[in-house]
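Good morning, and thank you for joining. I should like to take you through one model, beginning with a helix.

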Amino acid sequence: MALTALAPAGAGSSGAAPERRRGGLIALALLTPGLAYLALFFLVPFISLLMTSFGINVPDQYGVFDYGFRWENYVDVIAAYWPQFLRSFWFALLATVFALLIGYPIAYYIGVRIRERTLLRNLLLVLVIAPFFISFLLRTLAWKQILSDEGPVVSVLHFIGLMGPQDHITGTAFSVVFGLTYNFIPFMTLPLFATLDRLDKRLLEAGSDLYASPRQTFFRITLPLSLPGIVSGTLLTFIPATGDYVNASQSFLGSSSTAMIGNVIQSKFLITVNYPQAAALSILLMAVIVVIVSVYVRRSGTDDLL
Amino acid sequence: MNAATDFGAAGADLELRGIRKEFPGFTAIEELDLVIPAGSFFALLGPSGCGKTTTLRLVAGLEQPSAGQVLIGGKDVTSLAPHKRPVNTVFQSYALFPHMTVIENVAFGLKRRKVADATAKAHEALRLVELDHVADRRPTQLSGGQQQRVALARAVVNRPALLLLDEPLGALDLKLRRQMQVELKSIQSEVGLTFLHVTHDQEEAMTMADTVAVMNKGRIEQLGSPQELYERPRTGFVATFLGQSNLVPGTVESEANGMLTVRTAGGVVLVPVDRSVVRSGRITVGVRPEKLMLHAAEPARDGDHNVLGPGRITDVSFTGVSTQYLVEIPGVGTISVFSQNLVYGAVFSEGDEVWIAGQREHTFGLEADARDAVADPDLAPDPVTAGEAA
């Protein structure tokens, strides 16, 4: 995004005519705060992180490292933490798919079905955003209570015999994916709503006029036209879910067997203070996400719609 | 039911029986009975809000009537879903699918019905509208006129029993609209489909349709050929919505030799009985502006002409082909006269005293209250176009 924002400024300032140069200067002036912010709080930390990832730990000194070029850091962390890596992407993928399956009908209902009923529409939109009024840590903790061994869900399942006495919900992959899904549903629903709300209903009428059944109309017209919303919704869910360390942490819905890469990075940075390894993991995560996202966006053919 | 079996090379009859359509808060269609014979080009003409688009949507199945039946080719389709009706629509907004290429748009209906060689047939339809060369483009890359033709091809390619056109030319500029009118008409005669065309443009309806139904306030006011509607309007609304009309109040004094003698404030006029909807009592006498002549001196009130006057010219506007005069006649009101510019410039000028004369067989008689039912001037076509159309 930063790159596309820069482009017009560069083109404008290189213009020969004074008029255009002035326009370019204004654009540059408008962009300066944002660029300065990005440089200070994104570029500088990123370079620092990159340098740290090649750092060399000083033996016997807790949390101290020298700058260097120890690329083996990357080999080490991949060798040690590839299961957590895979688990992160697997959980994030599951959560994204579930959030899409839950969020799409909600967004469709609000944005298409009851578009004209403004009051109900706005009410439901507020309900979609309502969870944001409470910190997501609290909400995740609340789910921990609900799903805990003493909580109502487990009691009922024990009672009707669907769960054995040794079975738990919290600390399992299920509860982590459940928590991720729950936490990211609004991030999925809102972009979907924004796209579906703009969907021209006359196209749906044209579809039915051209012999498409409601089902065909949905899959041939509604779904392809809501692709930009699906792409942005899935990105807004998948990217943060991959790096999430709350839901999978032992204090919340996870256990040691459900640790995601975010939990590893957190403990490397804050508990074992192995900065080079933590940084290498972070850079690796970022790189893999960038690759996955660019392939995804290219494949979905929506790079011009984003 | 298999929709594909309903498709034929030729169109089918459309019949609307006792249709009524209510929306929350208002009634769009009061009562509608209509038969459109197969192969005809039928226009529903009326101002916005008269119920014409609702009628079209009822036929397409996009709305359900509150009462009544829709029959296509003698078969009751009232409760049939839109995608099962042998009907295609050219939408006002074109409604082309933006995520598909032109050829995909045109082949869409064929593919849903699993017609063999869908793409080849779609190319053929594109050739019909002379757009085969843009087959692989997206609709958004086309001009308005091209999009309109793609929308037409997308509908026509299905060879529907009935083709519905919802003001499809509304978004085009005048020149393109004329061109498309001719094209549509030739496509209709070429493929022999039944066309139901909805428009608020009286000129468009008259140029293209075999039969025009003028709709107002949810009802059909009058139905007939364009000539018939124009020459012999039966209501004040039709007389003023289709072109312009001068409406003069009067009282029928007697009837003789197929003529009604009517006393008006501007003199006695004679109206053919067969051109009048009333035969006694109060009446509204109507005549088209272009059927009138101005005279500087009072012409003899005999022969086959009606004479009104004297009056005074209050306005002269030169429109090129003709000059429009407004003549104020005491007790009658303002009469509009279109005079062909056979000589250079305006012959009369503002303030001149004039008499108005017109042939008796050009007058028509309407109900006394016809003047209250005139088309809303804001919705009526502008006088210049109306004059040209005449």
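The expected span of a helix is 1.5 Å times one less than its number of residues, a helix being a DSSP run of H or I of at least four residues, numbered from the N terminus. This is a predicted model, in which local features need pLDDT of at least 70, side-chain atom pairs count only at pLDDT 80 or more, and totals for chains, interfaces and linings use all residues. Residues are numbered from 1 along each chain as its sequence is written, while chains are lettered from A and ligands numbered from 1 in the order in which they are written.

Consider α5 of chain B, residues 174-191.

Which residues of α5(B) are buried? They are Arg177(B), Met180(B), Leu184(B), Ile187(B) and Gln188(B); buried means that 20 or more other C-beta atoms, placed from the backbone, lie within 10 Å of the residue's own, and exposed means 12 or fewer.

After α5(B) comes Gly192(B), with a positive phi near 65°.

Finally, chain B as a whole: 47% of its 390 residues count as buried.

Definitions and conventions. Helices (H or I, at least four residues) and strands (E, at least two) are DSSP runs, numbered from the N terminus.
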